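Here is a short briefing to read beside the model.

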Amino acid sequence: MFTFYNETKLEILGNGVSRKILAHAGQLMAVEVHFDTGAVGAMHSHPHEQLTYILSGEFEFTIGNETRKVTAGDTLYKRPDILHGCVCLQAGVLLDTFTPVREDFL
């Protein structure tokens with residue numbers, strides 16, 4: 001399967017957050033999430049495992065009871081059903097990988 005970036009739609013989620021659904025099939029999905037400075041990824045949980053790679057920007061992430069500042073090159077793991085969210089301190093982009101596929105995003 002090939003997914004071409006310039007053929008992938010940027011979905012505006014509101015409040016300074018947008019996303020591109022990248023490659024997905026079977027049990028794996030990649031999603032690029034764009035944040036404006038000050039945008040908030042509200043605290044939430046889901047039954048999927050999630051890796052987040054910081055492509056650019058600076059974020060304050062909370063995973064469970066731990067809050068840390070992260071920047072480009074850092075990677076976060078979120079186990080299923082753990083409460084997590086972020087505040088964007090400097091505009092940036094995240095690459096989220098989920099297993100299984102987030103059917104609610106499609």
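Buried means under 20% relative accessible area, exposed over 50% and partly exposed in between, with a 1.4 Å probe and protein chains only. This is a predicted model, in which local features need pLDDT of at least 70 and side-chain atom pairs count only at pLDDT 80 or more, while totals for chains, interfaces and linings use all residues. Residues are numbered from 1 along each chain as its sequence is written, and side-chain values use heavy atoms, with hydrogens and water left out.

**Cysteines**
- Cys-88 is buried, at 2% relative accessibility.
- Cys-86 is buried too, with a relative accessible area of 6%.

**The largest pocket**
- A pocket is an open set of points on a 1 Å grid over the protein atoms alone, where a 1.4 Å probe fits, with protein on both sides within 12 Å along at least five of seven lines; lining residues have an atom within 4 Å of a point.
- Its lining has 25 residues, and Val-33, Phe-35, Gly-41, His-44 and Asp-96 lie nearest the centre.
- By class, the lining has 12 nonpolar, 9 polar and 4 charged residues, with Gly counted as polar and Cys as nonpolar.
- Strand E8 (84-99) is among the strands that each supply at least two lining residues, and E8 gives the largest share, 6 residues.
- Strands are DSSP runs (E, at least two residues), numbered from the N terminus.

Conventions: Helices (H or I, at least four residues) and strands (E, at least two) are DSSP runs, numbered from the N terminus.
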